[in-house]
4 protein chains.
Amino acid sequence: MEKVKVGIIGAGGYGGCGAVELLLQHPNAEIAALIEKQDVGKAMSDIYPHLKGFCDLPLIDPDGPALSYDFQVAFFATPDGVGQKEAASFLKKGIKVIDYSGDFRFNNPEAYRGYATRIGKTGEHASPDLLSQSVYGLSELHREELAKTNLVGNPGCFAVSCILGLAPALKSGLIETEAIICDAKTGVSGAGKNPSPTFHYPARYETMNAYRISGHQHVFEIERELGLIAGKELLITFTPHVVPVSRGILTTIYGQLKHGLDIKNVEEAYRSFYSDEPFVRVFGPQTPLSSTDVRGSNFCNLSLNVDQRTAKLIVVSLIDNLVKGQAGSAVQNMNILFGLDETAGLLKPGLYP
Amino acid sequence: MEKVKVGIIGAGGYGGCGAVELLLQHPNAEIAALIEKQDVGKAMSDIYPHLKGFCDLPLIDPDGPALSYDFQVAFFATPDGVGQKEAASFLKKGIKVIDYSGDFRFNNPEAYRGYATRIGKTGEHASPDLLSQSVYGLSELHREELAKTNLVGNPGCFAVSCILGLAPALKSGLIETEAIICDAKTGVSGAGKNPSPTFHYPARYETMNAYRISGHQHVFEIERELGLIAGKELLITFTPHVVPVSRGILTTIYGQLKHGLDIKNVEEAYRSFYSDEPFVRVFGPQTPLSSTDVRGSNFCNLSLNVDQRTAKLIVVSLIDNLVKGQAGSAVQNMNILFGLDETAGLLKPGLYP
Amino acid sequence: MEKVKVGIIGAGGYGGCGAVELLLQHPNAEIAALIEKQDVGKAMSDIYPHLKGFCDLPLIDPDGPALSYDFQVAFFATPDGVGQKEAASFLKKGIKVIDYSGDFRFNNPEAYRGYATRIGKTGEHASPDLLSQSVYGLSELHREELAKTNLVGNPGCFAVSCILGLAPALKSGLIETEAIICDAKTGVSGAGKNPSPTFHYPARYETMNAYRISGHQHVFEIERELGLIAGKELLITFTPHVVPVSRGILTTIYGQLKHGLDIKNVEEAYRSFYSDEPFVRVFGPQTPLSSTDVRGSNFCNLSLNVDQRTAKLIVVSLIDNLVKGQAGSAVQNMNILFGLDETAGLLKPGLYP
Amino acid sequence: MEKVKVGIIGAGGYGGCGAVELLLQHPNAEIAALIEKQDVGKAMSDIYPHLKGFCDLPLIDPDGPALSYDFQVAFFATPDGVGQKEAASFLKKGIKVIDYSGDFRFNNPEAYRGYATRIGKTGEHASPDLLSQSVYGLSELHREELAKTNLVGNPGCFAVSCILGLAPALKSGLIETEAIICDAKTGVSGAGKNPSPTFHYPARYETMNAYRISGHQHVFEIERELGLIAGKELLITFTPHVVPVSRGILTTIYGQLKHGLDIKNVEEAYRSFYSDEPFVRVFGPQTPLSSTDVRGSNFCNLSLNVDQRTAKLIVVSLIDNLVKGQAGSAVQNMNILFGLDETAGLLKPGLYP
């Protein structure tokens with residue numbers, strides 16, 4: 001079988017690097033072009049020396065003559081705002097698009113506007129007509145639609161951890177739909193590769209903080225997806241924190257358990273919901289989990305707990321923000337888009353310690 | 001004025017080291033004896049080389065002849081179970097006792113039993129008759145009783161952050177008393193100085209985890225103290241996490257804001273409650289806070305926020321677990337016990353970066 | 001082709017884990033047995049949760065009935081002293097042995113004694129007769145002998161970085177053989193998986209130290225190997241340090257450049273020496289290198305520099321101590337022992353960031 | 001006694017913060033003005049929240065009307081190039097100047113030129129006439145000249161660790177003057193407060209690297225100072241490295257021990273040389289030292305070792321780069337300039353863990 005050729009736009013960032021790491025070991029896909037505005041002409045391995053000998057392709061100017069569009073899928077590993085301007089020209093050439101940002105996570109301009117204003121954008125989408133054909137790229141929930149689309153809005157990293165952690169509870173009606181709280185802790189790589197005062201090593205080592213309290217943009221896709229499952233509109237409290245790790249998201253999820261339910265009901269619902277999922281693993285209360293369990297891999301590990309005193313369901317949801325939270329989901333979606341084995345190139349453990 | 005002489009039992013642990021660091025710069029107190037079962041005969045500065053030239057006192061065997069009891073207050077910087085056996089003999093000699101562990105945080109055997117069984121103890125207190133005279137050492141709430149007692153149960157580190165973060169909300173009835181959630185993130189020093197597989201550097205760097213979900217022992221003193229303020233029994237969901245920092249606790253506290261209240265009401269209540277407190281600082285939603293702001297100092301910083309969409313009060317409470325969460329509170333309590341200025345030896349900033 | 005079956009003794013340590021990670025992706029080898037005294041009966045993935053679903057084999061008691069010896073090569077991922085007692089019984093069964101420790105790095109009892117006394121052993125080897133058939137497992141230098149032996153003494157992690165960094169200079173006579181200095185900085189995983197006060201997270205984060213100054217045992221194999229190349233006995237100054245990273249060794253090597261030589265001569269000698277080596281990469285002075293370039297991979301990166309003012313050759317040698325410094329070298333040696341492609345299972349980049 | 005009033009130019013950087021931390025606890029000095037081009041008008045505690053309540057002074061524009069010059073000494077906590085332009089106007093007003101950069105470390109334009117070209121400057125000093133009156137601010141070596149000057153070139157952080165580590169050996173002629181090697185490892189705060197790709201948390205955690213190999217500018221002041229002691233010109237090999245700690249410099253120093261000398265001679269020479277020094281502590285080979293021993297304090301700890309096999313003197317020199325390597329030395333120099341107790345404000349231990 002011929003390999004799927006992949007072009008990566010924004011290849012120089014962590015999201016591009018993550019895609020390259022995965023695609024290098026993918027049996028059915030290959031990297032065709034690395035597109036990047038910065039460091040044009042440099043080899044990918046000049047930017048990421050660990051890739052030397054593995055990916056020495058040059059970074060190509062998106063506006064220059066070297067870009068030949070000789071690939072079947074484009075990963076837009078770019079910030080908000082790029083994909084919505086550029087995706088159309090790729091789609092017209094018959095190239096499927098998987099966009100990492102929030103540009104295609106909402107299938108109508110109104111929904112996008114709420115998201116966009118939270119990140120300081122005007123809220124006007126540059127390609128509103130494309131929105132209706134975009135599919136939200138959480139593979140576990142939208143596998144069938146993904147198989148039929150050419151345009152994927154890859155999910156937000158926090159959203160992956162929250163939605164996977166809550167979907168079975170809402171599907172089975174285990175918890176009240178009010179008063180759901182998601183308390184998320186992320187590693188620093190989630191903020192990307194560009195240096196900033198907040199993520200300067202001396203300012204970040206030994207530092208914890210909450211940020212955008214009650215104002216983070218990922219909450220909308222969480223509410224939308226979970227609302228679809230619950231069959232009603234939801235409002236969720238979501239608080240992100242940064243802690244001094246490089247990779248990983250640990251989200252602690254709290255929901256009010258309905259009367260009469262206990263940990264057995266919870267375990268049954270979750271194990272059933274995820275029984276056929278290759279990348280979601282469910283653990284009972286006795287198993288200690290940590291973020292390093294999923295570091296470098298595409299898994300989402302869920303720890304199920306019930307606080308009987310307060311009748312709270314407490315789910316701890318763990319992912320690697322750069323894999324299942326970003327490039328891994330993109331590759332999983334690509335596999336679905338091209339009818340490949342959904343796990344192709346993704347079934348490998350991370351690195352420890 | 002003659003200085004208060006302090007003996008430290010369990011001087012070799014982080015809790016002892018923290019007390020030494022503070023007492024070395026205390027204008028009205030001095031270290032009289034360092035008592036420790038391990039490393040007897042070694043100088044404190046052999047164990048903690050940064051103290052060389054500042055505290056070269058030898059570690060004295062608690063069961064040996066070198067212990068002369070020539071001090072007015074004993075800090076039991078010891079694990080659960082030591083103080084309850086040993087405190088009586090000190091008290092009889094007229095030495096006041098400040099115990100870091102849970103041994104004297106409950107003033108009746110029944111309350112102690114709930115706590116003790118959570119940490120794998122039988123639940124029988126070794127000196128039940130002492131419990132009624134013990135005072136819970138959260139200085140901000142029990143200043144008057146502390147001034148009259150000889151026996152203090154220093155508060156748990158998590159408890160300090162949770163109680164200070166919630167007290168004004170409950171005092172002013174800002175939030176519903178059901179569904180309070182405390183999601184705490186602590187540094188590794190909270191686990192003490194003894195090495196363990198979980199806190200081995202390669203296993204801990206780059207690692208986040210939740211632990212004792214719905215089973216941590218500090219929840220009882222949190223519920224007791226806040227229940228006294230609220231005027232009713234409370235049940236609180238408390239989840240501790242460990243992240244790879246050495247020092248610091250960041251607790252994110254969630255409560256259901258009562259109808260009609262907003263951030264203004266919240267700010268007023270908190271600023272009023274803590275208006276005379278030297279070590280609690282209240283910040284509005286615009287101020288970014290991080291755990292390094294309080295590293296090495298006795299402050300508790302509180303960030304007040306309201307999520308209007310979900311009507312949640314979200315308080316971020318920050319302390320240094322080894323200072324306000326342990327040795328700093330002990331020194332603050334000592335100051336109260338001896339009629340000293342409550343801030344003596346404690347008004348200094350930490351170290352940054 | 002049938003896969004080579006591998007048994008790992010001491011599978012539960014970092015050295016065992018590293019071998020498992022590599023063998024899982026090896027096209028021509030498979031894990032047949034995991035042998036370990038601790039945690040017998042537990043799955044490997046209970047000890048290392050990131051391996052869940054990839055390696056769930058149970059840990060087998062070396063002294064119990066479950067050990068069937070149904071493998072062709074045994075990795076002794078064990079501390080000094082184990083292999084020398086146990087290897088003989090494996091060899092008699094026709095099982096090849098690759099020992100991670102110093103037990104088989106010296107091919108006569110006298111040479112072993114010098115090494116052994118440095119690590120507090122008596123110096124008497126338990127199987128002196130085996131020593132003459134053992135081959136030192138630095139693949140780049142002993143490829144031909146390795147192809148013919150059944151017993152390999154895998155090299156010390158520091159030794160790999162020092163020897164590869166100096167071999168061309170001594171082969172080509174670039175530097176004086178006196179006054180060679182190797183200043184090595186290692187990550188904490190080099191000390192293994194067992195917790196200790198020195199490597200407790202709060203004691204190790206933010207901490208640098210030198211240790212065993214002029215007394216580290218790896219110096220003997222460095223001097224022996226380089227002496228063979230130089231054609232004369234060498235004495236080398238070697239100082240190890242620990243810095244707060246998990247993985248990596250960076251050794252800065254200083255030698256007195258002979259009169260009339262410059263960086264061109266140095267680059268030529270090194271590029272020529274390593275021209276056919278798949279795992280050694282040579283870089284000139286302009287390229288910035290860091291330990292993360294080789295993290296998780298089997299490469300040794302060498303940065304060549306000349307300080308013209310002082311006529312010093314300065315080579316910076318970088319490896320991952322757990323891969324090229326341990327399990328990666330073991331797999332590379334296995335490949336040679338079984339006539340496989342030497343790079344099989346080893347040509348992959350690490351993980352970044 | 002009236003307190004010495006201090007103005008800090010460049011107060012917003014780590015060097016300014018370090019000075020503020022020390023001066024806040026200084027019995028004989030006080031902060032009079034904080035001068036800074038960035039963040040003018042903000043309070044120091046807005047930039048450094050740990051200083052809230054301790055130093056809430058506003059940052060003053062150096063070119064604005066708020067600068068009243070009402071202080072007796074100016075700390076130029078500024079990068080190379082600022083002090084040489086601005087110091088003269090302060091000196092004319094009778095304000096003493098202590099400059100952190102290399103601007104006044106050389107007392108003639110030629111010597112400065114060598115330094116300046118290494119850091120990409122033209123080499124022309126802006127105030128060459130001031131150079132002859134400047135004194136190199138390594139208090140231990142230039143106490144008497146410092147007492148008489150108004151202009152101090154505070155030493156480079158690496159230089160402090162190298163010079164203090166080698167001075168006694170050269171004074172007593174313990175080592176050959178050729179082939180001295182200084183292998184330095186620094187924490188990241190040495191690079192200052194401004195973020196950069198190299199010091200972005202995900203790029204720096206878990207990363208070691210050497211840099212400016214044979215090209216670092218601090219080597220000139222090291223050679224000059226040690227040459228004065230040795231009575232001859234010296235050339236020294238100096239290699240800096242960065243490791244993922246925030247604070248600390250550990251320099252491993254190698255020298256060829258002269259024939260017939262041993263560790264006893266070394267210990268005698270060092271103990272004698274530093275017998276009256278309050279901030280230099282000498283340790284024999286048995287004492288394990290680490291960078292945290294001096295973290296947050298003004299001490300330089302020296303570990304003395306001899307490798308008998310290779311006749312090498314190996315000195316491990318430890319400082320906190322932000323204290324003894326910068327602000328601490330500045331305060332120590334200020335104490336000398338104003339006839340204060342040299343240790344005033346500096347005799348305190350750091351923070352651990």
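Modeller: A residue is buried if 20 or more other C-beta atoms lie within 10 Å of its own. Keep that cut-off in mind; this is a predicted model.

Colleague: Which residues of helix H6 in chain C are called buried?

Modeller: C:Ser139, C:Glu140 and C:Leu146, in the helix that spans residues 139-146. Buried means 20 or more other C-beta atoms within 10 Å. So C:Ser139, C:Glu140 and C:Leu146 each reach that count.

Colleague: What do the buried residues of H6(C) pack against?

Modeller: Two helices of chain C, H7 (157-171) and H11 (323-337), are among the elements they pack against. The strands are E6 (135-136), E7 (151-153) and E12 (280-283) of chain C.

Colleague: Turn to chain D. What makes E9 and E12 edge strands?

Modeller: Start with the order. The open sheet runs E9-E10-E8-E11-E14-E13-E12 in chain D, seven strands with mixed pairing. E9 (209-210) and E12 (280-283) of chain D each have a single partner strand, so one side of each has no neighbour in the sheet.

Colleague: How do you know that E8 and E10 of chain D pair?

Modeller: Pairing takes at least two bridges between the strands. E8 (residues 180-186) and E10 (residues 236-242) of chain D are joined by 7 bridges, so they qualify as a pair. The two run parallel.

Colleague: Which helix lies across strands of chain D, and at what angle to E11(D)?

Modeller: Helix H7 (residues 157-171) of chain D, at about 35° to E11(D). H7 of chain D lies across E8, E10, E11, E12, E13 and E14 of chain D.

Colleague: How many residues of chain C are in contact with chain D?

Modeller: 41 residues of chain C are in contact with 41 residues of chain D. E11(C) supplies the largest share of the side of chain C that touches chain D, 4 residues. The residues of that side of chain C divide into 20 nonpolar, 15 polar and 6 charged.

Notes. Residues are numbered from 1 along each chain as its sequence is written. Chains are lettered from A and ligands numbered from 1 in the order in which they are written. This is a predicted model: local features need pLDDT of at least 70, side-chain atom pairs count only at pLDDT 80 or more; totals for chains, interfaces and linings use all residues. Two residues are in contact if their C-beta atoms, placed from the backbone, lie within 7 Å. Ala, Val, Leu, Ile, Met, Phe, Trp, Tyr, Cys and Pro count as nonpolar, Asp, Glu, Lys and Arg as charged, and the others, Gly among them, as polar. Axes are lines fitted to C-alpha atoms, for helices over the stretch in contact, and angles run from 0 to 180 degrees between N-to-C directions. A residue is buried if 20 or more other C-beta atoms lie within 10 Å of its own, exposed if 12 or fewer, and partly exposed in between; C-beta atoms are placed from the backbone.
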